Amino acid sequence: MASSLAPSASPSQPSAWLRGPVEDVPNALQHAAHALIQAGEEIARAVSPLTSAELWARPGGAASVGFHLRHIAGSTDRLLTYARGASLDQAQRDEMQREQGEPSPADDAATLMRCVRVRLAKALDVLRTTREEELHLPRPVGRAALPSTVMGLLYHVADHTQRHTGQIIVTARIVRNGL
């Protein structure tokens, strides 16, 4: 059963959605779980060969792989907060500001990958503990309290992560191999 965020043994392993249901995840959230697992594996493969300079390179002015890693971790945490029906705290607002900033010495690939893995694992745990009867509960998002639902937020975590995963893969290839 697909249930881990560890890198798959081989890129030739079937995609996460073809490995069967993710244990303890409600049927309505299986797609989100598979997307998070797949993203975690693809990110690990793309980031593992990068040097520090490549991690923070901005080819053509594009966002760096390091930015995308920080953003996936931070946005996942924020979206899960909204899914709980809570507001962001000051630490989360501060983290959002740091995502846009310059890298610090602590922002190496291993540290950023560890943070992404932890946050994606937490997202999977939330999927496992969300009851189907909660999925359509309304949830306000952001300072403007825009309308969403628990399910909308949980699917957006997966959607958003996949979008940035694609950007990580492309940017990593460019900085490793050139255009």
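In this predicted model, E95 turns out to be buried, with a relative accessible area of 16%, which puts it under the 20% cut-off. The residue sits in helix α4, which covers residues 90-99. Setting aside neighbours within four places in sequence, E95 touches G74, D77 and R119.

R119 leads on to helix α5, where it is one of the buried residues. Along with R119, the buried set in α5 consists of A109, L112, M113, V116, L120, A123, L124 and L127. Viewed down the helix axis, these buried residues fall within an arc of 145°, so they line one face of α5. They pack against α1 (30-47), α2 (52-56), α3 (65-83), α4 and α6 (150-177). Over on the other side of α5, V118 and T129 are exposed. At the start of the helix, D108 brings a side-chain oxygen to within 3.0 Å of the backbone nitrogen of A110.

As for the whole chain, there are six helices and two strands, in the order α-α-α-α-α-β-β-α from the N terminus. The radius of gyration is 16 Å, in agreement with the value near 16 Å for a compact globule of 179 residues. The C-alpha trace spans about 50 × 40 × 25 Å along its principal axes. Of the 179 residues, 44% are buried. Among contacts with a separation of 6 or more, 67% link residues 24 or more positions apart. The accessible surface comes to about 9200 Å², with 55% of it belonging to carbon and sulfur atoms.

Note on methods
Residues are numbered from 1 along each chain as its sequence is written. This is a predicted model: local features need pLDDT of at least 70, side-chain atom pairs count only at pLDDT 80 or more; totals for chains, interfaces and linings use all residues. Side-chain values use heavy atoms; hydrogens and water are left out. Helices (H or I, at least four residues) and strands (E, at least two) are DSSP runs, numbered from the N terminus. Buried means under 20% relative accessible area, exposed over 50%, partly exposed in between (1.4 Å probe, protein chains only). Contact means heavy atoms within 4.5 Å. The arc is that of the directions from the helix axis to the C-beta atoms. A polar contact is a pair of N or O atoms within 3.5 Å; within protein, one must be able to donate a hydrogen and the other to accept it, and residues adjacent in sequence count only if both atoms are side-chain atoms. The radius of gyration is taken over C-alpha atoms; the globule rule is 2.2 Å times the number of residues to the power 0.38. Accessible areas come from the Shrake-Rupley method with a 1.4 Å probe; for residues, only the protein chains shown count as cover.
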